[in-house]
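Visitor: I would like a close look at one part of this model, the place where the two chains meet, and then a word on the ligand. Could you take me through it step by step?

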Amino acid sequence: MAIATATRMGPKTETTFRIVAPVAVGVIVLGVWQFLVTVVGVSDYLLPSPASIIEEFIQFWESILSASILTGSNALIGLIVGSLVGIALAALAARWRAVDQMSAPVVASLAVIPIVALAPVLNSMYGADSQFGRQAIAALASFVPVFINTLRGFRQTTLVHRDLMKAYAASSGQVLRTLTLPTARPFMLTGIRIASSLAVISALVAEYFGGPRGGLGGLISTSAASSAYARAWAYVVASIALGLLFYLVTLGLERMLQRHAPQAQRRP
Amino acid sequence: MSTAVEIIGVDKTFDTRSGAVQALTGIDLTVEAGEFVSLIGPSGCGKSTLMRLIADLDEPTAGTVEVFGKGARQARLDQEYGIAFQSAGLLPWRTVAANVALPLELHGVASAARSTRVAELLDMVGLADFADRYPDQLSGGMQQRVAIARALAEQPRLLLMDEPFGALDEMTREKMQSDLVRISAETGAAVVFVTHSIPEAVFLSDRVVVMSPRPGRIQEIVPMRLGADAARAARTEELREERAFFDMVTAVREALHQGAPVGTAPRGLENR
Ligand SMILES: Nc1ncnc2c1ncn2[C@@H]1O[C@H](COP(=O)(O)OP(=O)(O)OP(=O)(O)O)[C@@H](O)[C@H]1O
Ligand SMILES: [Mg+2]
């Protein structure tokens with residue numbers, strides 16, 4: 001029944017449904033949550049109520065905003081630097097086999113290094129009053145998916161297109177601009193979209209391991225340490241919003257630039 | 001008359017993992033300037049390979065290929081030919097107009113001259129209304145026509161075409177054939193045309209090169225009419241119904257069947 005209704009929906013109804021459905025789920029979850037805390041009486045210590053979290057959110061709004069900006073800019077710097085380095089290195093690896101073979105083990109080990117292992121080291125290396133360690137961690141986390149996806153994209157050019165470029169006696173710069181980059185673009189954008197979430201998570205988690213206060217991660221851990229659980233949750237909500245913002249912006253960028261690519265290339 | 005293509009003693013062997021594949025042996029072929037030559041033969045006899053050697057997309061294992069008196073490589077660098085591949089090979093992220101403009105863009109033609117030329121070409125292939133579409137919004141035949149427009153963009157003296165009409169319906173195909181006859185007559189371009197269709201080869205060509213497989217070689221070269229100019233003049237729609245046309249179709253078919261028992265047509269050949 002439900003499936004039959006869903007398949008008959010018009011495109012407009014479907015869009016509305018796609019927005020309404022998750023919102024409805026959210027409202028129901030929040031309702032049940034509030035019900036558990038106020039009516040059933042789950043202790044505030046175990047689970048702060050949504051109402052108290054919203055209260056804290058409003059009360060600490062300014063600190064939440066400045067913390068989001070701080071963590072957000074660390075993540076953004078990391079994302080940009082990581083993506084640029086990833087794209088540049090992928091271009092080199094696609095061009096020269098030796099670079100590819102040299103970078104493969106480095107990238108593989110970078111991909112498995114946990115942020116928790118790196119954060120304390122970088123934090124103490126660059127001092128207690130520097131954001132550099134966090135930015136570096138966000139950059140490292142962003143680099144891996146961008147590099148891997150972009151390199152794959154650079155290898156997607158088809159034989160007939162390469163033949164065409166050869167027949168036109170195109171210079172290697174022209175081949176890069178008119179063939180290789182446009183072919184790789186959807187892959188590159190997918191890599192950046194994946195990296196955007198990783199950048200936020202890493203910038204945030206890196207704050208748990210010392211360094212200057214004032215970011216979302218730092219405030220979550222101080223609030224939790226002083227048993228202000230509702231406030232800690234308010235910062236968590238802000239972190240989720242920040243992560244979503246990064247994801248949606250990069251997704252929008254991907255959609256906008258790929259409107260005319262064929263289906264198969266849009267979703268690598 | 002000068003020569004457009006001169007192929008002397010060419011062999012081509014591909015080294016593959018499962019051993020050497022001898023694609024072509026002992027190919028000698030001369031194409032005069034302005035001449036229309038078709039290559040016909042069963043699938044795998046090396047037609048595409050021969051065309052790629054002329055285009056310098058591959059190098060012969062032995063022998064020489066010259067285009068307008070220069071080595072194939074120099075001719076490619078000098079942009080002496082236009083090429084249309086077996087698959088259209090359009091860039092999917094470019095509009096139809098931008099695809100046709102590609103060679104002009106790469107070779108530094110000014111933007112105003114470029115758009116005039118593109119409009120002209122799209123008119124010619126009957127796609128003026130589709131200039132702003134993307135290739136994936138076009139049918140296979142329309143894509144192939146875009147590829148042909150692109151090959152003609154720089155008015156080359158030599159056109160290399162690998163089964164360009166393979167994906168077209170019979171009516172569009174006949175129209176494109178007549179257009180191609182007209183274009184090659186107008187521009188005086190030499191054409192090397194790969195096809196699987198005997199009537200198509202007969203209708204278009206001054207000479208039909210019949211090839212045979214394993215290893216790929218030239219079986220016979222069948223001249224279609226006497227004198228290229230007379231031939232061009234005579235290639236009208238009426239020709240398709242004339243007795244002479246059917247005689248030439250028979251001549252090519254017999255050349256193809258040489259060595260093969262009658263009744264077993266070589267694979268991959270159509271009698272359209
Ligand atoms: N790059 C390559 N590597 C190995 N073998 C090849 C390569 N290109 C072509 N061949 C072989 O050379 C022979 C001729 O191929 P070619 O594509 O020229 O045939 P064709 O006459 O164009 O066939 P069709 O009519 O099916 O297009 C075939 O046996 C093919 O397997
Ligand atoms: Mg072929």
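Guide: What follows describes the contact between the two chains and then the surroundings of the ligand. Please keep in mind throughout that this is a predicted model, and that the values below are computed from its atoms.

To begin with the extent of the interface, 19 residues of chain A are in contact with 23 residues of chain B, and the two chains bury about 2,000 Å² between them. Of that buried area, 64% is on carbon and sulfur atoms. As for charged pairs, the count between chain A and chain B is one salt bridge, and here the side chain of A:Asp163 meets that of B:Arg52 with 2.5 Å from N to O.

On the side of chain A that touches chain B, the elements giving two or more residues are helix H8 (159-167) and helix H9 (172-206) of chain A. The largest share of that side, seven residues, comes from H8(A). Sorted by class, the residues on the side of chain A that touches chain B divide into 10 nonpolar, six polar and three charged.

Turning to the ligand, there are 13 residues around ligand 1, and those that come nearest are B:Ser43, B:Lys47, B:Ser48, B:Thr49 and B:His196. Several atom pairs can be followed one by one in the display. A polar side-chain atom of B:Ser43 lies 2.5 Å from an oxygen atom of ligand 1, while in the side chain of B:Lys47 an N or O atom is 2.8 Å from an oxygen atom of the ligand. B:Gly46, by contrast, takes part through its backbone, where an N or O atom lies 3.0 Å from an oxygen atom of ligand 1. Taken alone, ligand 1 exposes 630 Å², and the protein buries 63% of that.

The shell around ligand 1 can also be read by element and by class. Strand S1 (3-16) and helix H1 (47-54) of chain B each supply at least two of its residues, and the largest share of the shell, three residues, comes from H1(B). By class, the shell around ligand 1 has three nonpolar, eight polar and two charged residues.

Notes:
Residues numbered from 1 in each chain as written. Chains lettered and ligands numbered in written order. Predicted model: local features only at pLDDT ≥ 70, side-chain atom pairs only at ≥ 80, totals over all residues. Heavy atoms only, no water. Contact = heavy atoms within 4.5 Å. Buried area = accessible area lost by both parts, 1.4 Å probe. Salt bridge = Lys/Arg side-chain N within 4 Å of Asp/Glu carboxyl O. Helix = DSSP H or I, 4+ residues; strand = E, 2+ residues; numbered from the N terminus. Nonpolar A, V, L, I, M, F, W, Y, C, P; charged D, E, K, R; others polar. Near = heavy atom within 4 Å. Polar contact = N/O pair within 3.5 Å; in protein donor to acceptor, adjacent residues only side chain to side chain. Areas by Shrake-Rupley, 256 points an atom, 1.4 Å probe, with all protein chains shown as cover.
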